[in-house]
Amino acid sequence: MSNNTRTIGFIGAGNMPQSILGGMIKGGYPASSIIVSNPSRPKLDMLEEKYGLFTSQDNHEIAAKSDVIVLSVKPQLMRDVCEDLQKHVPDLDKKLIITIAAGLRMESYYEYFSENIALVRVMPNTPSLVGEGVSGLVADSNTTEADRDFVTQVFDYVGITIWLQDEDAIDVLGAVAGSGPAYFFEFMHSLQRAAEDLGFNSEQARAMVQQTCLGAAKMASESELSLVDLRKQVTSKGGSTAKGVEVYQQAELNDISKRAVAAAVARNQEMAKLF
Ligand SMILES: NC(=O)c1ccc[n+]([C@@H]2O[C@H](COP(=O)([O-])OP(=O)(O)OC[C@H]3O[C@@H](n4cnc5c(N)ncnc54)[C@H](OP(=O)(O)O)[C@@H]3O)[C@@H](O)[C@H]2O)c1
């Protein structure tokens, strides 16, 4: 898969970049082409020991040595980190810049750097931490097709990638895939409680629910059938599943999902204005 190898430098060594670079190495990307900076040593020491990566406490050094810079600090630190790089690292507009920070819009990065940078904004979701993520990606017109292929390759290592037309779509993807794990946990917990109410202990109830969820997701991802047809396939007319599904349908599940996503999109748009 690593037919497209560039030196990629992560600025910030938190959970998300660790998952991404871990997925890259597991997928065959050469560890010698991955470098990382972080202000404190412990995570860097761990990455050196675990993968033999080149690390530094100096963001300038990592950014200068990189063909591709992945900005992986918290959104509230982004301005300081980027303006500092802009001041000290030459030729940033000859590199590809990827940001994974939630909420910050692309126009902010043009303000921190310049309008000449080649920028891709990526919104990974938390299941990327276990290699089953969904990443929404938007590229600006300064990027090349080879740049976009490279970014696809990087984020495919930790799940699937979905290219989006504009940043508004990132807010929607965030409300579905970013917030989605929480919706599923909420639903799973409600099923667990229903099983507990009918006599199961919490361990058995949870095991039953999470394995069913995993099995259903696997069936959905391996099947060409629509989700409606898959549901019909396990719902015999007049049977017990039909009775259960009827209760969900009467509770207007479609409407509940629509309202939940709309509420999360609105909040994403509000939060984008905070930066
Ligand atoms: N985690 C997720 O599920 C998720 C999902 C989507 C997007 N994201 C985005 O991913 C980015 C990173 O998130 P995370 O979960 O990896 O955060 P995290 O685990 O809290 O890690 C943040 C890292 O940034 C380092 N840092 C602090 N100041 C720095 C500086 N000036 N220069 C370089 N590094 C610095 C911290 O170092 P110290 O340990 O030394 O303080 C820490 O290692 C965020 O922008 C977040 O919005 C995360």
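UniProt positions follow the numbering used here, feature names are shortened, and annotations may be inferred rather than shown by experiment. The model is predicted, so local features need pLDDT of at least 70 and side-chain atom pairs count only at pLDDT 80 or more, while totals for chains, interfaces and linings use all residues. Residues are numbered from 1 along each chain as its sequence is written, and side-chain values use heavy atoms, with hydrogens and water left out.

**Annotated regions**

- An unreviewed UniProt entry lists "domain: Pyrroline-5-carboxylate reductase dimerisation" at residues 167-271.

**Domain arrangement**

- The domain assignment (bounds come from an automatic or database source) gives domain 1 (8-173) and domain 2 (180-272).
- The centres of domain 1 and domain 2, taken over C-alpha atoms, are separated by 33 Å.
- Six residues of domain 1 are in contact (heavy atoms within 4.5 Å) with five residues of domain 2.
- About 460 Å² is buried between domain 1 and domain 2 (accessible area, 1.4 Å probe, that the two parts lose on being put together, summed over both). Carbon and sulfur atoms give 63% of this area.
- Gly103, Asp171 and Val172 supply 71% of the area that domain 1 buries against domain 2, more than any other three residues.

**Second largest pocket**

- A pocket is an open set of points on a 1 Å grid over the protein atoms alone where a 1.4 Å probe fits, with protein on both sides within 12 Å along at least five of seven lines; lining residues have an atom within 4 Å of a point.
- The second largest pocket is lined by 39 residues, and Lys74, Pro75, Ile100, Ala101 and Ala102 lie nearest its centre.
- Helix 1 (15-26), helix 4 (75-88), strand 6 (118-124), helix 7 (167-178) and helix 12 (253-272) are the elements that give two or more residues to this lining.
- The second largest pocket lies between domain 1 (8-173) and domain 2 (180-272), because both give residues to its lining.
- The UniProt "binding site" annotation (unreviewed entry) covers Ile11, Gly12, Ala13, Gly14, Asn15 and Met16. The lining of the second largest pocket takes in Ile11, Gly12, Ala13, Gly14, Asn15 and Met16 from this set.

Terms used
Helices (H or I, at least four residues) and strands (E, at least two) are DSSP runs, numbered from the N terminus.
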